[in-house]
Amino acid sequence: MRNLANQLRLEENSNGKIWFLDPSELLRPESAFAAKPITAFRDYSIDTNDPIKERVRKTYLDMHTYQTFDFVQDRLAYWTQFNKLKMNIMNALDKLNDLVDESDPDVNIPNIVHAFQTAERIRTEHPTLDWFHLTGLIHDLGKIMAFYGEPQWATVGDTFAVGCQFADSIVYRETSFEQNPDLHNAKYNTKYGIYEPNCGLSKVTLSWGHDEYLYRVLMHNKTTLPEEGLNMIRYHSFYPWHSGNDYMHLCNETDLKMLPWILEFNKYDLYTKSSDIPDIETLKPYYQSLIDKYIPGELQW
């Protein structure tokens, strides 16, 4: 599987920037996000003449083919050694300058801009919740995996549970899992699979991506962010749950308590990308003070 990942790693241009497309942030058809402006609203229909739609479809096809329970266990073992690099949060954010979302080629906004856009929108509407501001700023830092060989389909996109039946609300569910061996494994292809009813999402293994990686990095480095912020980071791409209402049979009371916070976060994550660029250098001192408060110093990644 590692060889396959190496073959499918993200393309890097001559300037050292990595161009990628995060389908979770591009196409959102769920009714929970129907307030999105109609000019920005898109769906998951197949259109081979639309290069963005076709790339999204192929990303999910790879993801749904290769993201098995065993693959995720392999990625967890690899990335949770926390021996890839040492870097503080602000330097990691600066590194996101070299990660550009290809889904909007006319704007070419680096991820660091999206990070500050998200954080500032949250700060405007929740001025007293400084931990929420910081959560908005750092939520995508797990995408740093892209610089160390992780392919797009194991870095970005909607996440889903592995080790049990693939949920109906997963995008391209009907056509994209046909080559995934877990679909035909009796151990994994039932409603509960390897899990117990209402076991809690913390005991459920999700497909591998930047959400889980950053959550693990923060826990390893002993962050003091509250539970609400950590859950926003860990589950913000878990759309089949928080927007598709699947996997509720695996949730416990804590998950249901956290769900409104995750939905509140996602409205800022999804709808803050624009050409209105914040003055990042002016904002940095405030956010550095939050970093020093909740996740200071050099982190092991």
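## Reading burial, salt bridges and packing

Reader: Does lysine 284 count as buried or exposed, and at what relative accessibility?

Author: Lysine 284 counts as buried, at 15% relative accessibility. Buried means under 20% relative accessible area, and the value here comes from a predicted model.

Reader: What does the side chain of lysine 284 meet in a salt bridge?

Author: Its partner is aspartate 94, with 2.9 Å from N to O. The two belong to distant parts of the chain: aspartate 94 sits in helix α5 (residues 89–95) and lysine 284 in helix α13 (residues 280–294), 190 residues apart. Aspartate 94 is partly exposed, at 27% relative accessible area.

Reader: Which residue forms a salt bridge with lysine 293?

Author: Aspartate 130 does, and the closest N and O atoms are 2.8 Å apart. This pair also links distant parts of the chain, with aspartate 130 in helix α7 and lysine 293 in helix α13, 163 residues apart. Aspartate 130 is buried, its relative accessible area being 16%, whereas lysine 293 is partly exposed at 49%.

Reader: Which residues do salt bridges with shared partners join into one network?

Author: Asp74, Arg75 and Glu150. Arginine 75 lies in helix α4 and glutamate 150 in the loop between α7 (130–138) and α8 (173–176), so the pair links parts of the chain 75 residues apart. Both arginine 75 and glutamate 150 are buried. The structure holds 12 salt bridges.

Reader: How should I read the pattern of buried residues along a helix?

Author: Start from the geometry. An α-helix has 3.6 residues a turn, so residues three or four places apart point the same way. In helix α4 (residues 69–79), the buried residues include Phe69, Val72, Leu76 and Trp79. Phe71 and Arg75 are buried as well.

Reader: Which residues touch the most other members of the largest nonpolar core?

Author: The general idea is that in soluble globular proteins, nonpolar side chains tend to be buried together. Here the largest nonpolar core has 82 residues, and Ile138, Tyr247 and Trp301 touch the most other members. Leaving aside residues up to four places away in sequence, isoleucine 138 touches Ile89, Leu214, Leu218, Leu225 and Ile233.

Reader: Where does glutamine 165 lie, and which residues does it touch?

Author: Glutamine 165 lies in the loop between α7 and α8 and is partly exposed, at 41% relative accessible area. With residues up to four places away in sequence not counted, glutamine 165 touches Tyr188, Asn189, Thr190, Lys191 and Tyr247. Of these, Tyr247 was named above for its contacts in the largest nonpolar core. Glutamine 165 and leucine 183 are 18 residues apart in sequence, and their C-alpha atoms are 7.5 Å apart.

Reader: How many helices and strands are there, and what share of the residues counts as buried?

Author: The protein has 13 helices and four strands, and 55% of its 301 residues count as buried. To read the fold as a whole, look at sequence separation in the contacts. Of contacts between residues at least 6 apart in sequence, 78% join residues at least 24 apart. The accessible surface is about 13,000 Å², with 49% belonging to carbon and sulfur atoms.

How values were computed: Residues numbered from 1 in each chain as written. Predicted model: local features only at pLDDT ≥ 70, side-chain atom pairs only at ≥ 80, totals over all residues. Heavy atoms only, no water. Buried < 20%, exposed > 50% of the residue type's maximum accessible area, 1.4 Å probe, protein only. Contact = heavy atoms within 4.5 Å. Areas by Shrake-Rupley, 256 points an atom, 1.4 Å probe, with all protein chains shown as cover. Salt bridge = Lys/Arg side-chain N within 4 Å of Asp/Glu carboxyl O. Core = buried A, V, L, I, M, F, W, Y, C linked by side-chain atoms within 4.5 Å.
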